[in-house]
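Have a look at the model first, and then we can walk through it together.

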Amino acid sequence: MTEKCSIEEINQRIENFDRNYANVLERMERAAQRAGRNIDDIQLLAATKTVPVEVINHAIASGIRLTGENRVQEFCEKYDELDKSAVRHHIGRLQTNKVRQIIGKVSMIESVDSVHLAEEISKRSIAANLVTDVLVEINIGDEASKSGIPAAETEKFLTDISGLEGICVRGLMSIPPICENDKEIRQFFDKMYKLFIDISAKKIDNINMDYLSMGMSGDFEQAIEAGANIIRVGSALFGARNYN
Ligand SMILES: *Cc1c(COP(=O)(O)O)cnc(C)c1O
């Protein structure tokens with residue numbers, strides 16, 4: 001749920017965002033430099049769950065070009081008031097019965113993890129006469145509790161959905177396991193990058209490998225160093241989330 005805030009609180013959050021945003025940009029810049037990469041090749045997605053729409057719109061006015069929500073109901077509640085000048089993605093788990101509500105409102109769904117979900121996005125997009133970009137979510141840590149396609153099944157999965165109209169596969173997304181240290185997380189990011197490159201090289205019909213979305217507040221610098229070109233950052237921009 002979006003937090004309901006007083007004007008004072010909104011202003012405080014806007015101030016915090018300004019400071020945090022400058023800090024995140026600086027850290028992105030340094031990570032890109034360390035990796036010999038161009039900062040312009042890396043998109044910062046602001047993960048806006050629980051963030052009031054006033055604060056999101058301030059972020060967009062300040063330069064955020066890409067936002068992502070992971071709860072359909074919350075996104076739809078904010079949608080009318082949302083500044084439409086930024087690009088919107090759906091991130092995180094998506095129930096098939098909610099696809100209809102976001103088609104046309106987001107340009108990309110980052111978390112396709114079943115043929116059934118891909119088919120529903122396809123069907124609803126065709127009905128709306130548009131094409132929805134998607135990323136395939138990979139369960140890079142092979143965790144039983146996590147959604148996503150096992151890395152070993154990526155090629156088969158992509159081939160299975162490659163014939164669907166109304167969707168355009170643009171790349172891969174992953175949320176690696178919680179790790180003890182930087183070295184451990186980096187191994188998962190490296191594994192994802194390798195998969196991304198290997199799949200690109202296979203040139204599967206109708207499958208594009210333009211985007212590799214990985215890295216969040218705690219690990220976006222390692223993700224940039226490993227080759228991510230979309231990082232999804234929430235709390236490092238907007239502060240800790242309060243779900244009360
Ligand atoms: C919330 C969320 C993020 C951002 O998380 P932070 O740790 O706050 O940066 C990234 N990806 C997904 C799918 C999310 O739901």
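Let's begin with the ligand, which sits in the largest pocket of this predicted model. There are 13 residues around the ligand, and those that come nearest are Lys49, Ser217, Gly234, Ser235 and Arg241. Sorted by class, this shell holds 5 nonpolar, 5 polar and 3 charged residues.

| Side chain | Ligand atom | Distance |
|---|---|---|
| Lys49 | oxygen | 2.7 Å |
| Arg232 | nitrogen | 2.9 Å |
| Arg241 | oxygen | 2.8 Å |

How much of the ligand's exposed area does the protein bury? On its own the ligand exposes 390 Å², and 90% of that is buried by the protein.

Ala236 belongs to helix α9, which covers residues 235–238. Setting aside residues up to four places away in sequence, Ala236 touches Asn20, Val24 and Ser217.

How far apart are Ala236 and Ala46 in sequence and in space? In sequence the two are separated by 190 residues, while their C-alpha atoms are 9.5 Å apart in space.

Conventions. Residues are numbered from 1 along each chain as its sequence is written. This is a predicted model: local features need pLDDT of at least 70, side-chain atom pairs count only at pLDDT 80 or more; totals for chains, interfaces and linings use all residues. Side-chain values use heavy atoms; hydrogens and water are left out. Helices (H or I, at least four residues) and strands (E, at least two) are DSSP runs, numbered from the N terminus. Contact means heavy atoms within 4.5 Å. A residue is near a molecule or strand if one of its heavy atoms lies within 4 Å of it. A polar contact is a pair of N or O atoms within 3.5 Å; within protein, one must be able to donate a hydrogen and the other to accept it, and residues adjacent in sequence count only if both atoms are side-chain atoms. Accessible areas come from the Shrake-Rupley method with a 1.4 Å probe; for residues, only the protein chains shown count as cover. On a 1 Å grid over the protein atoms alone, a cavity is a set of points where a 1.4 Å probe fits but cannot get out, and a pocket is an open set with protein on both sides within 12 Å along at least five of seven lines; lining residues have an atom within 4 Å of a point. A molecule sits in a cavity or pocket if more than half of its atoms lie within 2 Å of its grid points. Ala, Val, Leu, Ile, Met, Phe, Trp, Tyr, Cys and Pro count as nonpolar, Asp, Glu, Lys and Arg as charged, and the others, Gly among them, as polar.
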